[in-house]
Amino acid sequence: FPGARVVIRENEGLLPARAVPPPAMPTGATSAGAAGDAGVTDQPLRLVFVSRLAPKKGLHVVLAALAQVREAVHLVVVGEGEPTYTHHCHALAAQLPGHISVEFVGAVPGERVGEYFAVADLFAFPTAHENFGHAVAESLAASCPVLIADVTPWTPVVGAGGGEIVRTLEAAAWAAAIERWAGADAGQRRQRRVTAGRAYDAWRAIRPQDSVFDLAYPDG
């Protein structure tokens with residue numbers, strides 16, 4: 001299109017200007033360095049998976065990884081999808097050892113998704129690829145770190161404190177990463193949430209504020 005004026009705008013969404021701070025340390029939780037304790041919490045890692053249930057999104061990878069994790073983990077699965085795949089994931093969850101619990105909550109309204117990120121320690125998302133990844137943005141906006149493969153535009157943000165990049169979709173690598181996070185004490189987990197929120201704020205600060213309509217029609 002000779003003479004055309006081309007403008008580009010990243011995906012838009014109803015995201016907050018700043019990350020929602022994580023909740024305060026729970027009563028009775030321990031923190032590394034506290035006098036007389038080793039800084040270990042007996043609370044299971046609160047893991048969340050939020051996405052459509054389909055092979056591309058990778059819930060089966062999370063479940064296969066959890067079968068190899070020795071620490072206590074509670075996984076909440078938010079979303080619904082392909083019946084055959086969903087049944088397969090339920091079957092994988094039923095085979096997990098007793099220190100791993102899985103809760104399938106099904107689909108929830110979009111405005112409630114943030115509630116699940118707000119109470120989680122980590123969002124595990126072994127997606128095969130994403131053009132943007134709205135769930136990642138929503139997780140970071142809730143100060144929830146993200147465990148994700150290097151197949152999305154979020155690698156720089158996650159690498160800058162938004163969570164952890166796993167370089168493969170092999171279950172063993174994800175098991176090792178989840179176990180590292182599960183082994184952290186309550187204070188470390190909360191600090192990682194604070195850091196994830198800061199990574200979101202840094203990303204949001206440099207994100208273009210003009211809408212696609214502002215760009216297309218700069219003179220109104």
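Predicted model: local features only at pLDDT ≥ 70, side-chain atom pairs only at ≥ 80, totals over all residues.
User: Why are α1 and α2 called roughly parallel to each other?

Analyst: The axes of helix α1 (residues 59-66) and helix α2 (residues 83-94) cross at roughly 10°. Angles under 35 degrees count as roughly parallel, and the two helices therefore get that label. Their axes also come within 9 Å.

User: Which residues make up the contact between α1 and α2?

Analyst: On the α1 side you have L59, H60 and L63, and they meet Y85, C89, L92 and A93 of α2. By class, that contact has six nonpolar residues, one polar and no charged.

User: What makes C89 a buried residue?

Analyst: Its relative accessible area is 0%, and buried means under 20%, so C89 qualifies. C144 goes the same way: at 0% relative accessibility, C144 is buried too.

User: Now the rings. How many aromatic pairs turn up in the whole structure?

Analyst: Six. One of them is F117 with F123, an edge-to-face pair.

User: What makes F117 and F123 edge-to-face?

Analyst: Start with the distance: the centres are 5.1 Å apart, and rings pair if their centres lie within 6.5 Å. Then the angle: there are 65° between the planes, and over 60 counts as edge-to-face. Both F117 and F123 are buried. Ring pairs also link these two with F49 and F125 into a cluster.

User: And why is the pair of Y200 and W203 called tilted?

Analyst: The ring centres of Y200 and W203 are 5.6 Å apart, with the planes at 50°. Stacked needs under 30 degrees and edge-to-face needs over 60, so at 50° the pair is tilted.

User: Where do Y200 and W203 lie?

Analyst: Both are in helix α7 (residues 186-206), three residues apart, which is about one turn of the helix. Y200 and W203 are both buried as well.

Note on methods:
Residues numbered from 1 in each chain as written. Heavy atoms only, no water. Axes fitted to C-alpha atoms, helices over the stretch in contact; angles between N-to-C directions. Helix = DSSP H or I, 4+ residues; strand = E, 2+ residues; numbered from the N terminus. Parallel < 35°, antiparallel > 145°, perpendicular 65-115°, else oblique. Contact = heavy atoms within 4.5 Å. Nonpolar A, V, L, I, M, F, W, Y, C, P; charged D, E, K, R; others polar. Buried < 20%, exposed > 50% of the residue type's maximum accessible area, 1.4 Å probe, protein only.
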